[in-house]
Amino acid sequence: MAHERDPGADLRRIAFLLEAASEPTYRVSAFRRAVATISRLDADELRDRARRGTLHELPRIGDVLERTIAESLRGEEPVYLRRLEATGGRPVAEGADALLAALRGDCHVHSDWSDGGSPIREMAESARDLRREYMVLTDHSPRLTVANGLSPARLRDQLEQVAELNSELAPFRILTGIEVDILPDGSLDQEPELLARLDVVVGSVHSELRMERRLMTRRLVTALADPQLDILGHVTGRMVMGKRRRPPSDFDPEIVFAAAARFDKAVEINSRPERLDPPKRLLRLAVEAGCRFTIDSDAHAPGQLAWLQNGCERAFLCGVGPESILNTGPADELLAWAGGHESDGG
Ligand SMILES: [Zn+2]
Ligand SMILES: [Zn+2]
């Protein structure tokens with residue numbers, strides 16, 4: 001049997017690392033208060049409660065704390081602690097900079113073909129100036145009329161223009177793509193044969209965000225199971241600032257992230273300051289589920305391409321390692337990964 005660890009010491013270490021990572025005070029104090037709570041019990045009672053699963057009956061001990069204390073008493077390094085140690089209490093800015101430097105491309109970029117403000121060429125040249133090797137052009141799909149979504153005919157025209165630009169801008173590459181609406185039934189808002197021609201497909205929910213939990217879960221899982229979809233864009237649809245402020249949509253994150261991992265689809269870390277999606281709690285769950293990620297700007301203007309820094313900070317804080325971020329690899333690896341989804345689908 002493994003030697004038991006000191007749960008109080010593990011909880012204090014967690015609080016320390018959360019503080020070092022600039023996490024909010026309420027999260028840090030939850031761990032410190034739990035230390036106080038368990039220090040009032042004698043060791044036998046603590047062990048007994050851990051065995052019987054009754055730690056959560058104690059004041060201010062929730063599920064996460066119960067699990068963490070029980071792991072510690074079993075002599076295992078708590079999962080929560082291990083994840084924090086992975087970032088080594090390193091300053092956030094430094095960790096985020098390292099991730100940013102590792103990113104070779106951006107998988108979610110708009111142009112003035114839909115609701116972006118600049119031509120494709122300007123977005124591409126700006127991305128190249130930021131030393132990126134590629135960007136995926138992901139304008140909106142037909143039903144998002146408010147964002148001037150592209151009809152099949154316009155998307156076909158866009159593909160021709162991208163081919164021309166690519167011959168001029170090489171070695172920089174514009175990969176073809178779309179931000180396709182995930183419709184309420186989980187299907188994708190573009191002709192399947194056209195989606196199959198694109199290099200990378202980002203799928204996002206832009207309508208009926210307040211759908212009931214069970215239905216939203218099914219909607220997202222259906223989209224993830226679609227062989228055409230590669231990346232799940234801004235998964236909760238929340239807006240954290242501005243006039244359009246809204247809460248995250250409701251779905252079962254364990255089911256959705258398990259599906260993403262199962263189908264080897266990426267969960268997008270959306271870097272727009274008003275989105276910052278997924279929220280950190282969900283991002284940590286996605287890491288635990290073994291998901292892979294892309295860190296995307298969702299830029300609608302050239303300066304917004306720099307927003308990848310936001311996503312890198314969050315990825316670092318939540319223990320997303322560079323090896324699980326698809327846009328740290330060269331474009332050809334991204335293409336091979338995305339192409340694999342269609343062949344898996346038969
Ligand atoms: Zn979107
Ligand atoms: Zn977008």
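What follows is a chat about the metal sites, a helix and the pockets of this predicted model.

Visitor: Which residues coordinate the zinc ion (ligand 1)?
Guide: In this predicted model, the zinc ion (ligand 1) is held by E179 through OE and by H206 and H234 through NE2, at 2.1 to 2.2 Å. Along the chain, these donors follow the spacing E-x26-H-x27-H. Two of them link distant parts of the chain, with H206 in the loop between β4 (200-204) and α10 (213-225) and H234 in the loop between β5 (231-232) and α11 (253-262), 28 residues apart.

Visitor: Is H234 buried or exposed?
Guide: H234 has a relative accessible area of 1%, and because buried means under 20%, H234 counts as buried.

Visitor: OK, and what are the protein donors of the zinc ion (ligand 2)?
Guide: The protein donors there are H108 (NE2), H110 (NE2), E179 (OE) and D298 (OD), which lie 2.1 to 2.2 Å from the zinc ion (ligand 2).

Visitor: Why is the arrangement around that zinc ion (ligand 2) irregular?
Guide: The four donor atoms subtend angles of 81 to 170°, whereas a tetrahedral assignment needs all angles between 85 and 135 degrees, so the arrangement around the zinc ion (ligand 2) is irregular. Their spacing along the chain is H-x1-H-x68-E-x118-D. Here, too, distant parts of the chain are linked, since H110 sits in the loop between β1 (105-109) and α7 (120-129) and E179 in strand β3 (residues 173-181), 69 residues apart. Both H110 and E179 are buried.

Visitor: How far apart are the two zinc ions, and which residue coordinates both?
Guide: The zinc ion (ligand 1) and the zinc ion (ligand 2) are 3.5 Å apart, and the residue that coordinates both is E179.

Visitor: Switching to pockets, what lines the largest pocket?
Guide: The largest pocket holds about 470 Å³ of space, and of its 19 lining residues V64, R67, Y80, R83 and R281 are the closest to its centre. The largest share of the lining, six residues, comes from α4, while α2 (25-39), α4 (63-73), α5 (79-87) and α12 each supply at least two residues. By class, this lining has eight nonpolar, two polar and nine charged residues.

Visitor: Which residues of α12 are buried?
Guide: In helix α12 (residues 280-288), the buried residues are K280, L282, L283, R284 and A286. The helix is followed by G290, whose phi is positive, near 85°.

How values were computed. Residues numbered from 1 in each chain as written. Chains lettered and ligands numbered in written order. Predicted model: local features only at pLDDT ≥ 70, side-chain atom pairs only at ≥ 80, totals over all residues. Heavy atoms only, no water. Donors = N, O, S within 2.8 Å, 3.2 Å for Na, K, Ca; no water. Helix = DSSP H or I, 4+ residues; strand = E, 2+ residues; numbered from the N terminus. Buried < 20%, exposed > 50% of the residue type's maximum accessible area, 1.4 Å probe, protein only. Tetrahedral: all angles 85-135°; square planar, octahedral: opposite > 155°, others 65-115°. 1 Å grid on protein atoms, 1.4 Å probe; cavity = no way out; pocket = protein on both sides within 12 Å on 5 of 7 lines; lining within 4 Å. Points joined across faces, edges and corners; volume = space filled by probe spheres on them. Nonpolar A, V, L, I, M, F, W, Y, C, P; charged D, E, K, R; others polar.
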